[in-house]
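Please examine the model below with attention to one helix and to the ligand site. The explanation that follows moves from the former to the latter.

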Amino acid sequence: MDEHVHERDHRIAVYPGSFDPITNGHLDIIRRALAVFDRLIVVVARNPNKKPLFPTEERLDMIRRAVENNPRVTVDHFSGLLVDYCREVNARVILRGLRALSDFEYEFQLALINRKLDRSVDTIFMMTGFQWFYVNSSIVKEAASLGGSIQGMVPDFVAEKLSKKFDTAR
Ligand code: ADP
């Protein structure tokens, strides 16, 4: 086995995403991950292809509030290469959630690119709970913007924030 594989702390996982905003699907993955890893670093990544609804600071605050300051969860943000971030925090696992088959192709590409960039990092996928199968931030935003109820898909305080945001926009 490669020596460098052992240098990293295998008990830490980095969970990257836009989290715009955090949903109960994300929280399900976080909960599952905490049953496997000792520490989880949830990182808000800047995705140049997406225009976020919530500024980074607000997204970080929402995650912090949703994980209720669990001492095993760190919330952070970054805007460089994910593998560089992993090196910085000494993690060797990138955690991603899988929902429908449609996630697979993109996630597969991402995992392979990250492996090519740094062979000491592995991507681990966790399968979402059945009830979160159809939940993602985009769908939630779309429903909220049209005045639909998103109760149960996101934490209550996130639902409130969303409806306020779209109420003032209307
Ligand atoms: P990104 O812009 O990187 O896709 P997201 O915030 O949309 O960021 O998602 C972050 C991660 O969480 C991704 O791995 C995504 O597949 C996963 N995820 C999002 N929604 C769910 C869900 N309902 N169940 C499980 N995983 C999810």
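In this predicted model, Asn114 belongs to helix H5, which spans residues 102-117. The relative accessible area of Asn114 is 10%; because buried denotes a value under 20%, Asn114 is classed as buried. Leaving aside residues up to four places away in sequence, Asn114 is in contact with Leu82, Val83 and Ile94.

Helix H5 also contains Phe108. Phe108 contributes to a nonpolar surface patch, together with Leu101, Phe104 and Leu112. The area of this patch is about 440 Å².

Attention now turns to the ligand. The ligand is surrounded by 16 residues, of which the closest are Tyr15, Ser18, Lys50, Gly97 and Val135. Tyr15 places a polar side-chain atom 2.7 Å from an oxygen atom of the ligand. For His26, a polar side-chain atom is found 3.1 Å from an oxygen atom of the ligand. Phe19 takes part through its backbone, with an N or O atom located 2.9 Å from a ligand oxygen atom. On its own, the ligand has 550 Å² of accessible area, and the protein covers 92% of this.

Terms used. Residues numbered from 1 in each chain as written. Predicted model: local features only at pLDDT ≥ 70, side-chain atom pairs only at ≥ 80, totals over all residues. Heavy atoms only, no water. Helix = DSSP H or I, 4+ residues; strand = E, 2+ residues; numbered from the N terminus. Buried < 20%, exposed > 50% of the residue type's maximum accessible area, 1.4 Å probe, protein only. Contact = heavy atoms within 4.5 Å. Patch = residues over 30% accessible without salt bridge, like charges linked within 9 Å, V, L, I, M, F, W, Y side chains within 5 Å. Areas by Shrake-Rupley, 256 points an atom, 1.4 Å probe, with all protein chains shown as cover. Salt bridge = Lys/Arg side-chain N within 4 Å of Asp/Glu carboxyl O. Near = heavy atom within 4 Å. Polar contact = N/O pair within 3.5 Å; in protein donor to acceptor, adjacent residues only side chain to side chain.
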